[in-house]
Amino acid sequence: FILQTQHAEFAIRTDREPSVLALAESVRKACRNMSLKVHDEGAPVGDHQANGAAEVTVQQLRAKAGLLIQQVEDKVAGGKVIFGCLHPLYSWAIIHAGWLHNRFVVNAGQTAYERASDRSYTGKIAMFAEDVLGYLRVDKGGPRWQHGIWLGKVPSGDSHVVGTKDGVFLTRS
């Protein structure tokens, strides 16, 4: 994502939780290797307002992911809760919620995607966890199309993420 923005310099603002600090340090190291300048804007300990916008966005993404999971549960289990927050499908719902947020939530007249790319998103998507056929490039004798569930799209490029009993794969079709 950072490379897609084409900025040579940026800031990371975090709270001071050890797991978040470790992640931020890994990001800083990776960025230094790519000659990107990183500024640390750590939020003061105990100041929940300092990260207010990020906290609100996290809550919005959790709510959207919950709706995506509820939609699946309504369809396959009659509304019974079967996918808790530790289930892998919930992780994919969080990722897809962020992807949707960046492409379709309008703020100040534009989406985040429009501000970053100077164009509207026009790609095709499916319903989260919808049964789909994904095109696989496999050996000559193997199946070319495989059933799976649609988990979203990758942030860079426009490939679909499809989950199968054998794992997750990316496909353009």
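Select Ile149 and then Gly163: Gly163 in β7 is the bridge partner of Ile149. This is a predicted model, in which local features need pLDDT of at least 70 and side-chain atom pairs count only at pLDDT 80 or more, while totals for chains, interfaces and linings use all residues. Residues are numbered from 1 along each chain as its sequence is written, and side-chain values use heavy atoms, with hydrogens and water left out. Helices (H or I, at least four residues) and strands (E, at least two) are DSSP runs, numbered from the N terminus.

**The sheet**

Two strands count as paired if DSSP finds at least two bridges between them.

The four strands make an open sheet in the order β5-β6-β7-β8, with antiparallel pairing. β5 (131-135) and β8 (167-171) stand at the edges with a single partner strand each, so one side of each has no neighbour in the sheet. From one strand to the next, the twist averages 55°. Next, show helix α4 (residues 88-104), which packs on the sheet and touches β6, β7 and β8. The direction of α4 makes about 55° with that of β6. Axes here are lines fitted to C-alpha atoms, for helices over the stretch in contact, and angles run from 0 to 180 degrees between N-to-C directions.

Select β5, which five bridges join to β6 in an antiparallel arrangement. Gly134 stands opposite Gln146 in β6. Val132 and Gly134 make up the covered face of β5, and Asp131, Leu133 and Tyr135 the uncovered one.

**His160 in β7**

Go to His160, which lies in strand β7. Is His160 buried or exposed? His160 is buried, with a relative accessible area of 14%; buried means under 20%, exposed over 50%, and partly exposed in between (1.4 Å probe, protein chains only). Its side chain makes a polar contact with the side chain of Trp150 at 2.8 Å. A polar contact is a pair of N or O atoms within 3.5 Å; within protein, one must be able to donate a hydrogen and the other to accept it, and residues adjacent in sequence count only if both atoms are side-chain atoms. Leaving aside neighbours within four places in sequence, the residues in contact with His160 (heavy atoms within 4.5 Å) include Lys124, Gly152 and Phe169.

Select helix α3 (residues 52-77). At 1.5 Å a residue, its 26 residues should span 38 Å, and the end C-alpha atoms are 36 Å apart, which agrees. The expected span is 1.5 Å times one less than the number of residues. Just after α3, Gly78 has a positive phi of about 60°.

The buried residues of α3 are Gly52, Leu61, Ala65, Leu68, Ile69, Val72 and Glu73, and they pack against α4.

The largest nonpolar core has 15 residues, and those with the most contacts inside it are Ile69, Val72, Leu89, Ala93 and Phe128. A nonpolar core is a set of buried Ala, Val, Leu, Ile, Met, Phe, Trp, Tyr and Cys residues joined through side-chain atoms within 4.5 Å. Elements giving two or more residues to this core are α3 and α4; the largest share, five residues, comes from α3.

**Last stop: Leu21**

Select Leu21 in helix α2 (residues 18-33). Leu21 is partly exposed, with a relative accessible area of 29%.
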